[in-house]
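Please look at the sequence and the structure before reading on.

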Amino acid sequence: MDGLFIFIGLAVILLIVIIRNIRIIPQAHTAIIERLGAYQATWNVGFHVKVPFIDRIVKTVSMKEQVVDFEPQPVITKDNVTMQIDTVIFYQITDPKLFVYGVDRPLSAIENLTATTLRNIIGDLELDETLTSRDTINTKMRAILDEATDPWGIKVNRVELKNIIPPKQIRDAMERQMKAERERRELILKAEGEKKSAILVAEGEKEAAILKADAIKESRIREAEGEAEAILSVQTATAEGLKKLCEAVSSDAVVALKGFESLEKVADGKATKIIIPSDIQGVAGLATSIKELLSKTDE
């Protein structure tokens with residue numbers, strides 16, 4: 001009976017030891033295993049069992065891209081201006097073994113490397129270049145850091161200058177300069193607006209004068225045409241009236257001449273005196289005058 005209890009106890013202890021040595025590695029993680037103090041293997045995602053009392057997990061490493069924000073670092077520009085710059089590093093572990101065994105305290109090493117690299121780059125630039133060349137500085141730092149951290153199993157994906165803080169005197173001078181520049185641009189825009197407004201007003205007055213002249217010209221042309229049509233109508237009416245008058249007078253003359261012919265027949269007799277009415281002579285003369293006037297009008 002005692003042997004049975006001992007056997008059950010040993011089995012329970014063995015089961016507990018096995019369970020405690022079972023490891024499940026989650027997604028995007030790896031584990032570095034040492035056996036008797038030496039590197040043994042790198043466990044990836046899945047189910048693993050280590051040898052009790054011989055194997056041990058040295059470090060579990062995340063393979064995700066990570067972000068670290070370093071404290072502002074004092075740097076000096078080429079024109080001897082001291083400023084504070086803090087950087088943000090985006091990195092990813094590509095080789096867990098090198099990350100564990102390649103460098104002690106890798107984040108501290110990256111921070112110090114970032115500070116020295118930043119000082120070297122900013123030392124070759126003046127203040128204005130530093131403020132306007134962020135992309136250039138980011139690119140140079142990323143290339144230098146990526147090459148330096150490659151033996152550590154780290155890949156630097158991106159470097160960003162988070163803040164560039166010049167001294168207070170420089171900031172005040174920059175604010176005054178920006179204010180003066182804004183005022184200058186405001187004056188330029190105002191002058192350009194007044195210029196465009198004056199041009200538009202002049203063009204409007206020009207177009208109005210042209211339209212007014214065209215209207216006066218058109219009015220005079222229409223007035224002249226109306227006067228010409230009125231004169232023509234008057235002349236036509238006068239001509240028509242004279243023509244009708246001539247026709248009427250000619251008929252009276254024919255009547256008079258017929259009467260004269262009758263008198264002539266009467267004279268064929270034995271009468272010695274012929275009396276001619278005086279209105280016959282007047283009618284004949286009037287007919288002749290009207291015909292001459294019509295001839296001149298036709299000419």
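The structure holds 9 salt bridges, a salt bridge being a side-chain nitrogen of Lys or Arg within 4 Å of a carboxyl oxygen of Asp or Glu. This is a predicted model, in which local features need pLDDT of at least 70 and side-chain atom pairs count only at pLDDT 80 or more, while totals for chains, interfaces and linings use all residues. Residues are numbered from 1 along each chain as its sequence is written, and side-chain values use heavy atoms, with hydrogens and water left out.

**Salt bridges**

Side chains of opposite charge can pair when their charged atoms come close.

| Glutamate 34 | Arginine 56 | 3.1 Å |

Glutamate 34 forms a salt bridge with arginine 56; because glutamate 34 lies in strand β2 (residues 29–35) and arginine 56 in strand β5 (residues 55–62), the pair ties together parts that are 22 residues apart in sequence. Helices (H or I, at least four residues) and strands (E, at least two) are DSSP runs, numbered from the N terminus. Glutamate 34 counts as buried at 6% relative accessibility, whereas arginine 56, at 46%, counts as partly exposed; buried means under 20% relative accessible area, exposed over 50% and partly exposed in between, for a 1.4 Å probe and protein chains only.

Lysine 168 and aspartate 172 both lie in helix α6 (residues 168–267), where they are 4 residues apart, about one turn of the helix. Lysine 168 is exposed, with a relative accessible area of 52%, and aspartate 172 is partly exposed at 27%. Elsewhere, salt bridges that share partners join Arg142, Asp146 and Lys155 into one network. Arginine 142, which lies in helix α5 (residues 134–149), is partly exposed at 30% relative accessibility. The C-alpha atoms of arginine 142 and lysine 155 are separated by 9.6 Å, the two residues being 13 residues apart along the chain.

**Aromatic rings**

A pair of aromatic rings is described by the distance of the centres and the angle of the planes. Rings of Phe, Tyr and Trp (its six-membered ring) pair if their centres lie within 6.5 Å, and planes under 30 degrees apart count as stacked, over 60 as edge-to-face and the rest as tilted. By this rule the count comes to 1 aromatic pair. The ring centres of tyrosine 39 and tyrosine 101 are 6.1 Å apart and their planes lie at 85°, so the pair is edge-to-face. Because tyrosine 39 lies in strand β3 (residues 38–43) and tyrosine 101 in helix α2 (residues 96–101), the pair ties together parts that are 62 residues apart in sequence. Tyrosine 39 is partly exposed, with a relative accessible area of 32%, and tyrosine 101 is partly exposed at 38%.

A further ring takes part in a contact with a charge: the charged end of arginine 158 sits over the ring of phenylalanine 90, 4.3 Å from its centre. A charge sits over a ring if NZ of Lys or CZ of Arg is within 6 Å of the ring centre and within 35 degrees of the ring normal.

**Positive phi angles**

Most residues other than glycine have a negative phi, and most peptide bonds are trans. Asparagine 80, although not a glycine, has a positive phi of about 60°; asparagine 80 lies in the loop between β7 (73–76) and β8 and is exposed, with a relative accessible area of 65%. Arginine 105, also not a glycine, has a positive phi of about 50°; arginine 105 lies in the loop between α2 and α3 and counts as exposed at 60% relative accessibility.
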